[in-house]
Structure formats: structure tokens, C-alpha cells
Amino acid sequence: IEMVECEVTILVAVYNTEQYLRQCMDSLLGQTLSNIQIICIDDASTDGSLAILREYEDRDQRVEVIALETNRGQAHARNQGLTKARGRYIGFLDSDDWMDRHCLEEGVRTFDKYPATDSVLFHTIYYYSSSRQEEFDMEPFEVLSGHEAFVRSLTWKIHGVYMVKAEIHHRYPYDESAHAFSDDNTTRLHYLASREVRQCEGTYYYRQRADSTSHAFSLRRFDYLKANQSMSMTLRRMMVSRDIRDVYERHRWLNIIDLYMLWFRHRHTLSPIDSAEALHQIRLAWASINVRRLSPKLRWKFGYVPFHRSWFLFRMQEELYFSLRKALRR
């Protein structure tokens, strides 16, 4: 890790977002905190994104551009930038999002005021359009332990838009186990490694796009199962406490059921090959669950019984369960 030369490093992974990129970059160059490093990683864009990044790099010495030849996803792109990060604190800005001008200054002020704080969450606004914006619905808190923040992040009772002390981020780089969603694992590990987690007044505007991976339905949605399994293996390697392993395995099991429901509802919109692959990913995740970590109440609930020795029985249960739910909604 290079010598610290600035307050904050912001990682901007970019893929085909030329329509929004100038607003993103302008919000960074206009920050009231000027001692920042902006590392932009173009993930083999096929539009004009890289040319725009080069323009900003020529304009401001704080901007550094990395151009990747192959698209490998956001986590990989951010990791390439992380190797060059020189800030005391590290955060990210998605290339279709933006920050208010005081955002980074407010984050650093919170770190300085509370030395035991290792992660600081931004005030986050979901931006749908100029006429529709919604504050992220989060129960107010003054301070959380790393364990508390980790547990809340499993179901996103707290969001994952934050800055973290550099030593933690370098210890836990982005998980690249899946093309999409595995960066969520890194957020949770950063929270778990933090002594204290707090919020600040800086605002992050999180654009909601119907064509984003988290909203659009495609085979990519099932990357979530790969990411979950990677996280489970990481927690096991870290030898974290039993209660954390139990909480995460329950979370992972509920996600498997949710993804089966998603496949059940939309399987006919996928190609036969993609539909079969999605079901295969569900089966792999199902087979990897440690049933002993699930509570008896969950293990014996119709629709959630693992039937761990019979994929056939599990599938029969899910087909009946979601067929009944569908019929009851009519």
C-alpha cells in the first residue's frame, strides 16, 4: 500500500454510462473536500464513457483512469482501482450516481469526531426521476457495533453506501466470486470488521434504473446465489462466531427460496438454456446449505423445508407452494 497522500479515495467503476457520467464526475470535482483521489475504472465500455473519463483526467490531476480490456464486473473493476488507492478513507461512487458537494467532507468530519468509528454511512436518496425521490428507509441510529451493522445489512435494514478506513478495505478487497452482487459481501465484511459504524449528513443520490442488474430479470440475477455461497465460505474461513454463521445461513436459505420464486414466475421469459442454468444454480445453492444452522421453526415451515436428501421432493414442495400462492392472489 502506498504512502497516504490524501483524505479520501473514491472508486468509480464505469460501464456504458455516458448518459450519466458527467453528472457523476462533476459532483466529485465540486466536493468541498478538495484533497481527494478519484480513480475511475472503465470496465471495457462500448460507448463513449472512456473518452469522457479521459477528458476529466486531462482537466484535473486528482482523476486517474484505468482502462480494462475485458468486462469482468464491478467488483473486479473496483479492485483494480483499490490497488492504487492512497486515501485515509475509501469509498465508491457508481458512475450513474452523484453526491452533494459536502458529502465527503461530512464523512471525514464524522471519522475525525469519533476515532473508534471505522465505517460511515451516507444519507442516501433513491432517485427515480426529477419528480420522484425517496429517502432510504432506515431506522435512525447514533452508533452500531460492527456485529450489529453486519446483521442489519443482511436484509438491508441499513444500506451499503459508505466510506471505510483504508486499512479495513485493503484487508478485505471486493469479492469477485460473481459478476454481480458479490460486492455486497465486501460491504458486510467491512461492517463486521468495524469497531463502530455511524452515519453522516453527506447525501448520496442513488439512481434507480429499470435496466440495472438489480431490477431487470435475467440469468445474471442468479449470481446472487454464488455471491451468498462465497460469503458463507468466507465466514467459515474467518472462524466467526456461531451466531453470525447461523444468521447468515438463514439469510442464505431465504434467498434460495426467493430466487426459486423468481425463477418460477419468470422462467418462461428466459431461453431454455438460461432457464436450465438458473435452476442449476438454485440446486447448487440448495445442496450447500447447512441445515443444522436453520431454526426448527424455519426448517419445518411449508415452502421452506429443505428436504436435503431429495432435490425432487424440494422441487415438488416449491412448485406446489408457489402455485398455491399464485392461485390465492387471483
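Modeller: On a 1 Å grid over the protein atoms alone, a cavity is a set of points where a 1.4 Å probe fits but cannot get out, whereas a pocket is an open set with protein on both sides within 12 Å along at least five of seven lines, and lining residues have an atom within 4 Å of a point. Grid points are joined across faces, edges and corners, and a volume is the space filled by probe spheres set on the points. The model is a predicted one, in which local features need pLDDT of at least 70 and side-chain atom pairs count only at pLDDT 80 or more, while totals for chains, interfaces and linings use all residues. Residues are numbered from 1 along each chain as its sequence is written, and side-chain values use heavy atoms, with hydrogens and water left out.

The structure holds one cavity of 30 Å³ or more, and the volume of this largest cavity is about 30 Å³. Its lining consists of Met-261, Phe-264, Arg-265, Phe-322, Arg-325, Lys-326 and Arg-329. The largest share, four residues, comes from α12.

As for open space, the second largest pocket has a volume of about 350 Å³ and is lined by 20 residues, with Leu-121, His-123, Gln-199, Cys-200 and Glu-201 nearest its centre. Here α4 (103-113), β6 (117-129) and β10 (196-207) each contribute at least two lining residues.
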